[in-house]
Amino acid sequence: MPDLSALLSPRSIAVVGAAPDVSILRGRTLKVLLRHPYIGKIYPVSRSHREVQGLAAYASVDQIPAPVDLAVLIIPADQVPQELERCGSAGVRAAVILTSGFAEQRGDQGMPLQRRLREIAARYDMAVCGPNAEGFVNAAANLCATFSPAVDNMEIPLLPAWRRSGHVAVVAQSGGMGFAFFDRGRPKELPFSYIVTTGNEACLAAFDVVDYLLDEGRSEVFLMFLEDIKHADSFRRAADKALRAGKPIIVAKVGGSAAGRRAAASHTGALAGQHEIYRAMFRQYGIIEADTLDQMVDIAAAFSFYRTRLPAGKRVGIGTGSGGGGGWMADACAAEGLEVPELDRPTRALIDPHLPAYGTSQNPVDGTAQAIRAIGYGELARLIALSDQVDAVAMVITARNPEALEREKAHLQSISESGHKPILMWTYTLPAAASVRILSETGYPLFTDMRHCAGALAALCAYRTLRERYLCARDTSTAYDRARAARIRQRLVQPVLCEYQVAPLLADYGIPTMESQLASSAAEAARCAVSLGAPVALKVQSPDITHKTDAGAVALRVWGDEAVQRHYDEILQHARRHSPAARIDGVLVQRMAGAGLEVIVGVRRDPLFGPMMMLGMGGVGVEIEHDLALAPA
């Protein structure tokens, strides 16, 4: 993979197609870039202007008299390959292509153009993002190589000045959705390190960017919007690296519906894969799926503050000044699979002196407005967190009045710095901006949606459990036996195997099956039944009849010589009537299994991710109920 530092942290930028008219995208892109105090050199490239927005312009990239790290291309699609070639020959190390009109467009013109971009980038070892992207932001460098209005004329800085950790990176195939995360998260004082939109991913894919940012080290939480995954290997490498480092990835994956798959294909040229397969891969690597922008931002906020202080379990203590709000939060926690246990006597003895007679310390702890005025939200949260019965605290507050929070600001910060359990705040009134800032500065995420608060707590708990399991997992697979594999390959001489052929293959791997014998006549079937012991099952063996029940070619719980012979003849008659040309190897006589649960276990080969293990309800139920679970082999 080419070096992405020239793309995301360039020392100099050429804007190819820059225009003085800021009402069009070619002008807006340069305007947004200039609005922020980026310290690198910026060179407009324009064939029709000698000066663009106060900067000297050049007719071509190769005329710029200094080295250029990054070219931002916003020119007609049919000109992009030629311009990218010119950039490569001029020594430009990276490019971001904002232009649309490639694989995402209808017809047969866009895809060949996109293939040419890939070829040029490979030839020059250039880091190329796009096409059909919306650019990117490197917040620490004040670099906004985009036309997105989310970072145009900002009233607040790209980064909150007080945050030194917990930075969130956004990597999105959709430009609009990528910058929407920033637009919704920044007013919540979320510190963003990067917003990178990858568009059609002709060269660099989303997980290539994640991989680089993990190594770079400034990003600790990742928000991703995906329409598809281009390369399984880069996904696995980045997902494994993120989980081992304890840096959570929160994903929105579209394409779960037919309409969603159509939208993905027309948007970035993505072919959205089967959603169940993606979900299985996400579960394997602890990737957190979410449904909405705000939900994802709220989960990211929880991890931004508490990634290194994850709750030890699912038990939640709830503190509130509103009894109704506390009960509602308890219901929300229960809906997310969390527990709200009654507090222990020693903790209640510490809390009770601060409560009026109409308050309660059982959990939820209803301090009422009286106790909140007396000791504050922070002290009530601290007392609840002392309990050995809880692993995290959810506080129900009103953040409408910042003066009240300002009074306890120092104590809130002390509690946050000395505590070991996550404390999340939900405001049942709309918060003042100053309240959001006070709580963020003192170390607390603030939620305006009760379910999101409970869901974020649940995500913290689930991530810790899954990561610990992943890190402790041992490879229990048996050593690869070449001789055994060769024997098995010799038996795989036809595309469909009958059960009598499969049983010895499974036995080679220590997987038992019910004892059985193949019969080629009714009399032989009766002798087999006697040796196996009654009752038995009889099943036709034919590579051309894979659904034996549908053909009437199965008999169960058969007892006695006469019954065995009669069923043998009936099975062959039914099989031949169902499929006259079928090859029939005989009838399998098998000892009946005892009572139990019928399941299907198998493997399906996904074209992107490879072999996937499958488990589900067995028999005809697997097709009727579609009750299946998948996991990578």
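Me: In this predicted model, which residue's side chain meets that of Arg184 in a salt bridge?
Reply: The structure is a predicted model, and in it the side chain of Arg184 takes part in a salt bridge with an N to O distance of 3.0 Å. The pair links distant parts of the chain, with Arg184 in helix α5 and its partner in helix α10, 110 residues apart. The partner in helix α10 is Asp294.

Me: Is Arg184 buried, partly exposed or exposed, and where does Asp294 fall?
Reply: Buried means under 20% relative accessible area and exposed means over 50%, so a residue in between counts as partly exposed. Arg184 has a relative accessibility of 39%, while the value for Asp294 is 28%. Arg184 therefore counts as partly exposed, and Asp294 likewise counts as partly exposed.

Me: How far apart are the closest N and O atoms of Asp69 and Arg93?
Reply: Asp69 and Arg93 form a salt bridge, and this pair links distant parts of the chain, 24 residues apart. Asp69 sits in the loop between β4 (55-56) and β5 (70-73), whereas Arg93 sits in the loop between α3 (80-89) and β6 (94-97). The closest N and O atoms of Asp69 and Arg93 are separated by 3.2 Å.

Me: Which residues are linked with Asp69 and Arg93 in a network of salt bridges?
Reply: The structure holds 30 salt bridges, and the one between Asp69 and Arg93 belongs to a network. Within the pair, Asp69 is buried at 5% relative accessibility, whereas Arg93 is partly exposed at 34%. The residues that join Asp69 and Arg93 in the network are Asp3 and Arg11.

Me: Why does Asp228 count as buried, and how does Lys230 count?
Reply: Asp228 and Lys230 form a salt bridge in which the closest N and O atoms are 3.1 Å apart. Asp228 counts as buried because its relative accessibility is 7%, and the cut-off for buried is under 20%. Lys230, at 26% relative accessibility, counts as partly exposed.

Me: What is the volume of the second largest pocket, and which class supplies 15 residues of its lining?
Reply: The second largest pocket has a volume of about 550 Å³, and among its 24 lining residues, the closest to the centre are Arg279, Ile287, Ile288, Glu289 and Ala290. Elements that each supply at least two lining residues include α5 (175-185), α9 (275-284), β14 (288-289) and α10 (293-306). By class, the lining has four polar and five charged residues, and the class with 15 residues is nonpolar.

Note on methods. Residues are numbered from 1 along each chain as its sequence is written. This is a predicted model: local features need pLDDT of at least 70, side-chain atom pairs count only at pLDDT 80 or more; totals for chains, interfaces and linings use all residues. Side-chain values use heavy atoms; hydrogens and water are left out. On a 1 Å grid over the protein atoms alone, a cavity is a set of points where a 1.4 Å probe fits but cannot get out, and a pocket is an open set with protein on both sides within 12 Å along at least five of seven lines; lining residues have an atom within 4 Å of a point. Grid points are joined across faces, edges and corners, and a volume is the space filled by probe spheres set on the points. Helices (H or I, at least four residues) and strands (E, at least two) are DSSP runs, numbered from the N terminus. Ala, Val, Leu, Ile, Met, Phe, Trp, Tyr, Cys and Pro count as nonpolar, Asp, Glu, Lys and Arg as charged, and the others, Gly among them, as polar. A salt bridge is a side-chain nitrogen of Lys or Arg within 4 Å of a carboxyl oxygen of Asp or Glu. Buried means under 20% relative accessible area, exposed over 50%, partly exposed in between (1.4 Å probe, protein chains only).
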